Amino acid sequence: MKTKEKSKAKIEHLANWYFGNFCAMKYGHGRKCYDQLHEIAKKLEDRGIKEMTHKEFCIIARENLTCKPIREESSWDEDN
């Protein structure tokens with residue numbers, strides 16, 4: 001059975017998505033976390049990486065953020 005290839009999104013969109021879904025919405029992290037995510041995005045783009053999957057971005061963000069949103073188990077984690 002062939003699995004569906006995961007769609008890739010632009011790095012800037014992934015930074016905004018991560019902030020809205022993990023930092024701001026659940027844990028109330030503010031501008032510092034937002035700025036850190038955009039620094040990560042800029043470094044990726046400077047290295048020539050323009051797109052990646054949500055899961056790939058989550059891994060990089062969790063390794064590099066100092067605000068460290070607490071990870072909750074969700075159905076998204078189980079599916080990917």
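## Contacts and fold

Of the contacts in the chain with a separation of 6 or more, 67% are between residues 24 or more positions apart; a contact means heavy atoms within 4.5 Å. This is a predicted model, in which local features need pLDDT of at least 70 and side-chain atom pairs count only at pLDDT 80 or more, while totals for chains, interfaces and linings use all residues. Residues are numbered from 1 along each chain as its sequence is written, and side-chain values use heavy atoms, with hydrogens and water left out.

Four helices and two strands make up the elements of the chain, in the order β-α-α-β-α-α from the N terminus. Helices (H or I, at least four residues) and strands (E, at least two) are DSSP runs, numbered from the N terminus.

## Aromatic pairs

The whole structure holds five aromatic pairs. Rings of Phe, Tyr and Trp (its six-membered ring) pair if their centres lie within 6.5 Å; planes under 30 degrees apart count as stacked, over 60 as edge-to-face and the rest as tilted. Y18 and F57 are edge-to-face, 6.2 Å centre to centre with 70° between the planes. Y18 lies in helix 1 (residues 11-27) and F57 in helix 3 (residues 54-64), so this pair ties together parts 39 residues apart in sequence.

Y18 is buried at 1% relative accessible area, and F57 is buried at 0%. Buried means under 20% relative accessible area, exposed over 50%, and partly exposed in between (1.4 Å probe, protein chains only).

## Cluster

W17, Y18, F22 and F57 form one aromatic cluster.
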